[in-house]
Amino acid sequence: MFTLAEVASLSDIQPTYRILKPWWDVFMDYLAVVMLMVAIFAGTMQLTKDQVVCLPVLQSTVNSKVQPDTSGKADFTTVETTTGQEETSMRTVSFGSAPTVTPDILLSRATSSQYQPTESGQELKKEQKDSSGRKTNLDFQQYVFINQMCYHLALPWYSKYFPYLVLIHTIILIVSSNFWFKYPKTCSKIEHFVSILGKCFESPWTTKALSETACEDSEENKQRLTGAQSLPKYVSTSSDEGSPSASTPMITKSGFKFSADKPMIEIPSVTILDKKDGEQAKALFEKVRKFRAHVEDSDLIYKLYVGQTVIKTVKFIFILCYTANFVNTISFEHICNPEVEHLIGYTQFECTHNMAYMLKKLLISYISLICVYGFICLYTLFWLFRIPLKEYSFEKVREESSFSDIPDVKNDFAFLLHMVDQYDQLYSKRFGVFLSEVSENKLRGISLNHEWTYEKLRQHVSRNAQDKQELHLFMLSGVPDAVFDLTDLDVLKLELIPEAKITAKISQMTNLQELHLYHCPAKVEQTAFSFLRDHLRCLHVKFTDVAEIPAWVYLLKTLRELYLIGNLNSENNKMIGLESLRELRHLKILHVKSNLTKIPPNITDVAPHLTKLVIHNDGTKLVVLNSLKKMTNVAELELQNCELERIPHAIFSLSNLQELDLKSNSIRTIEEIISFQHLKRLTCLKLWHNKIVSIPSSITHIKNLESLYLSNNKLETLPAAVFSLQKLRCLDVSYNSIAVIPVEIGLLQNLQHFHITGNKVDVLPKQLFKCVKLRTLSLGQNCITSIPDKVSQLLQLTYLELKGNCLDRLPATLGQCQLLRKSGLIVEDHLFDALPSEVKEVLNQDTSIPFANGI
C-alpha cells in the first residue's frame with residue numbers, strides 16, 4: 001500500500017507551476033484530496049471497527065430423525081416447541097447468555113414450563129434426565145469462527161473493498177491530473193516556459209516598454225517624471241497591467257511637452273535601463289526566440305493534456321456506472337449459510353454489519369464528489385475543443401500597445417499561453433513584449449546609445465588610403481545616434497547591422513559622400529533620404545540575395561559610383577533594378593562583383609551615362625555580352641574571372657574605350673587584337689592572368705597603347721612588334737617563361753615601367769639602358785648573373801628589383817642613379833653590404849621625392 005507521503009508527492013507541484021493550472025485543475029485537485037481523505041478515513045474505520053456479528057436462526061419446528069452420533073450419544077427425539085411468544089423469549093435469553101446456554105437447556109426449559117412450578121427439584125432433575133437431544137456447546141470461539149466465516153461469505157465484496165477502491169481511483173485521478181508536469185518530454189518545456197515567463201513578468205524592461213503605450217501626457221505623469229529623482233530606483237509596482245509608476249524606469253517619448261512654468265529635469269534612471277537589467281532583457285529576447293522555435297514545432301503538450309483529461313472523464317464514467325450498482329448492496333443485515341452444520345448444528349445465521357451505515361454515507365459522499373469531478377472534466381473537454389487552442393493571437397495586445405508586430409503563435413507555445421490566460425491574462429500581455437521585434441529594437445537602441453557614446457565613436461575614426469576620415473561599425477545591433485554627431489566624417493561603413501536605421505540627424509554630416517552597406521539593409525527616414533539623394537556620391541552595397549538591396553538605393557539621383565557585391569544569378573538578374581537603374585542619371589561608375597552569366601538588361605538603362613563598368617565574376621562563364629554595344633560612353637571596362645576564352649567582339653564597338661582589363665580569364669589566343677585598331681582611344685590593355693602563349697604582330701596597329709600588362713601568362717618570347725609601340729610607357733610581362741629580352745627594347749624611348757620578374761632571363765641587353773626614362777625596373781627571380789655598369793644611365797630610376805637572381809656583386813655605378821634610394825633597391829642584404837661605402841651613403845640619403853612604381 002502507498003504511504004500518505006508517497007501519495008501526497010503525486011500532487012506536490014512546484015509553486016511556480018500554479019500559473020499553468022486553471023481553476024478546474026485546482027478544483028479537481030481539491031476534490032481529489034477530499035476523495036483521498038474519504039478513502040483513508042473509510043479504510044481506517046474498516047481496519048479498526050469493521051465487524052460482523054452473527055446469530056443462528058432457529059427453525060419454527062425441528063423434525064430431526066434420530067441418527068447415530070459420532071460421539072456415541074443418543075439421537076434427537078421429536079420435541080414440540082412452545083408458542084411464538086416463548087420462542088421470542090428464548091432468543092432473548094440466547095442474546096443475554098450466549099456463552100452458557102445450549103439448545104438442550106433451552107429445550108428442557110421449554111418442556112418443564114408445562115408442569116406446575118410446585119414440583120420438587122427431584123422431579124425437575126428427573127425430567128431433564130429423561131429428555132433426550134444433541135448437546136453442541138456453542139460457545140464464544142464458535143461465534144468468532146462463524147463471524148469470520150460469514151464476513152467472507154455473506155458480506156458483499158464492495159462493502160469489504162470500498163475504501164481500497166476509492167484509494168486506487170483517487171491515485172489514478174491524481175496521477176492523470178499532474179502527469180503532464182512529470183512526463184520528461186513535456187516537463188522540460190513546461191519548466192523552461194515557466195522560468196522564462198516569470199522573468200519576463202518581473203523584468204524592468206516589460207514595465208518600461210508597456211509604459212510607452214500608456215497615456216503619459218497627463219499632468220499627473222508629468223509631475224511624476226519631474227519628481228522621479230527623489231524616489232528609489234526600479235521600485236516597480238506590477239499592478240494595473242504594467243502602468244507606469246513614479247519609480248518605474250521609462251522611455252521619455254519625443255512627444256512630451258512640458259509647461260513653461262515647470263522646468264524639465266533630465267533623469268538618467270528614466271531615460272536608460274540599468275546595464276544589468278538591459279543585459280538581462282536582451283538575454284530574455286534570445287531565450288524567448290529559441291524557446292518559441294523549439295516548442296512551436298510540435299503539439300505534444302496539448303495532446304498529453306487532452307489525453308489525461310479524456311482518461312479522467314472515462315474514469316469518472318466507469319466509477320459512476322459500477323458504483324451506482326453497489327450502493328444498495330451495503331446494508332446492515334445479511335443472511336449467512338456457512339454450510340458448517342456438522343460442526344455447530346445450524347445451517348443459517350443472521351448477521352449484522354456494524355460499519356454498513358457509515359460506509360453507505362461515505363459511498364454517497366464519494367459518488368457526489370465523483371459527479372462534481374466528472375462535470376468539471378466534461379467542462380474541460382468542452383473548453384479544449386470549443387476553440388482552437390493550438391493557435392494564439394495577440395490581437396488584443398497589439399491593439400492596446402504600440403507593438404503591432406507581435407506574431408501569432410501555434411502548437412504547444414499557443415496552448416501554454418492559453419493555459420496562462422486562465423490564471424491571469426496579464427502574464428501573456430507582458431510576455432508578448434518579448435515576442436515583438438519593435439520592442440527588441442527599442443531595447444537594443446537604448447543599450448546601444450548608452451554604450452557607444454560620441455567619445456567612443458571618435459576613437460574609432462581613422463584615415464583611409466584616400467586620406468578621408470572613415471568610421472567602420474561592425475556587428476552592432478543598430479546605428480548609434482552619436483554617429484550622426486560626427487559632422488566631419490567622409491566615409492561611413494556599416495557591416496552586419498541588420499536593424500540599421502538612418503535618421504534625419506544624418507543631415508548634420510555635411511561632409512559625408514561615401515556610404516558602405518555590407519549585409520546591412522538599412523532603413524532610411526524620409527528626411528534622411530532627401531539628404532542622401534542630394535549629397536551621396538559613392539555607395540557600396542554587399543548582399544547575399546538581391547532582395548536585400550534597399551529600394552531607396554535606386555532613387556539616389558546624384559549618385560556617381562555604385563558598387564554591388566553579391567549573388568545575381570540568372571534567376572535574379574531581372575531583379576537587379578528593383579526600381580530600375582534608370583533613375584540613376586548621374587551614375588558614372590558601376591562595379592558588379594557577382595556570378596553573372598549575362599550582363600543584366602537593367603544595366604543598359606544607365607548605359608549611356610556610364611564611363612566605367614567593372615564585372616568581377618566568381619568563375620561563372622559570362623556568355624551574353626551584346627549589351628556592351630549600347631555602352632558607347634564607357635572609357636574603362638573590366639571583365640575579370642568571367643571564363644572568357646577569346647576577346648569578346650562586342651568590345652570592338654566601344655569607340656570611347658580607353659582601358660580594357662580582361663584579368664583572370666581563360667584566353668589562349670589574342671588574334672582578335674587587330675580589331676583594336678578601331679579603338680582609337682585605347683591606351684591601356686590588361687591581359688594578365690590568362691593562358692596566352694604568343695603575342696601576334698598585329699599588336700602594332702594599336703598605335704596609342706601606353707600600358708600593356710601580360711603578366712602571369714605562358715609567353716616564351718617577346719616579338720619585335722611589341723617594341724614598335726612608341727607610346728608605350730608601361731610593359732609588364734612578369735611571371736612568364738621569357739628567356740631573352742630583345743634588343744629592340746631600346747626603341748621604347750618613352751618606357752617608364754618595365755616588369756619582367758619571374759622569368760628565365762640571364763643576360764640584360766645594353767639597349768635596355770637606352771630607355772633613360774625608366775623609373776621602375778623589376779628584374780627579380782630570373783637567372784641574371786651581372787648588372788652592366790650602364791645602369792647609371794637610368795637617372796630617373798626610383799625602383800630597382802634584383803632579388804632572386806645569381807648576382808655576385810652590384811655595380812658601383814648604382815650610386816650615379818640620382819633618384820634611387822635603399823628603400824627602392826630590392827636586393828639581398830649581402831650584396832648591398834658589399835657595395836662601396838660611398839655608394840651606400842648615397843643610397844641611404846633621404847629624399848623628398850615621392851616614390852612611385854606605377855603599378
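**Ground rules.** I number residues from 1 along each chain as its sequence is written. The model is predicted, so I keep local features at pLDDT of at least 70 and side-chain atom pairs at pLDDT 80 or more, while totals for chains, interfaces and linings use all residues, and side-chain values use heavy atoms, with hydrogens and water left out.

**Entry 1: disulfide search.** I searched the whole structure and found two disulfides. I count a pair of cysteine sulfur atoms within 2.5 Å as a disulfide. With the bonded cysteines counted along the chain, the pattern is 1-4, 2-3.

**Entry 2: Cys54 and Cys351.** I looked up this pair and found a disulfide with an S to S distance of 1.9 Å. The link of Cys54 and Cys351 is right-handed, with 110° about the S-S bond. The pair links distant parts of the chain, 297 residues apart: Cys54 lies in strand S1 (residues 52-56) and Cys351 in strand S3 (residues 349-353). I take helices (H or I, at least four residues) and strands (E, at least two) as DSSP runs, numbered from the N terminus. Cys54 is buried at a relative accessible area of 1%, and Cys351 is buried with 1%. My cut-offs are under 20% relative accessible area for buried, over 50% for exposed and partly exposed in between, with a 1.4 Å probe and protein chains only.

**Entry 3: Cys150 and Cys336.** The sulfur atoms of this pair are 2.1 Å apart, and I record a disulfide. The torsion about its S-S bond is about -90°, so I note the disulfide as left-handed. Cys150 sits in helix H6 (residues 140-153) and Cys336 in strand S2 (residues 333-336), so this pair too links distant parts of the chain, 186 residues apart. Cys150 has a relative accessible area of 1% and is buried; Cys336 is also buried, at 1%.

**Entry 4: other cysteines.** Which cysteine sulfur is closest to that of Cys730? I found Cys684, at 7.7 Å, which is too far for a bond. Cys730 is buried, with 4% relative accessibility. I also checked Cys377, which is buried at 0%.

**Entry 5: helix H7.** I read off 26 residues (157-182) for H7 and a reach of 35 Å from its first C-alpha to its last, close to the expected 38 Å. The expected span is 1.5 Å times one less than the number of residues. Where does H7 bend? I found a bend of about 45° at Pro163. I take the bend as the angle between axes fitted to the seven residues ending at a residue and the seven starting there.
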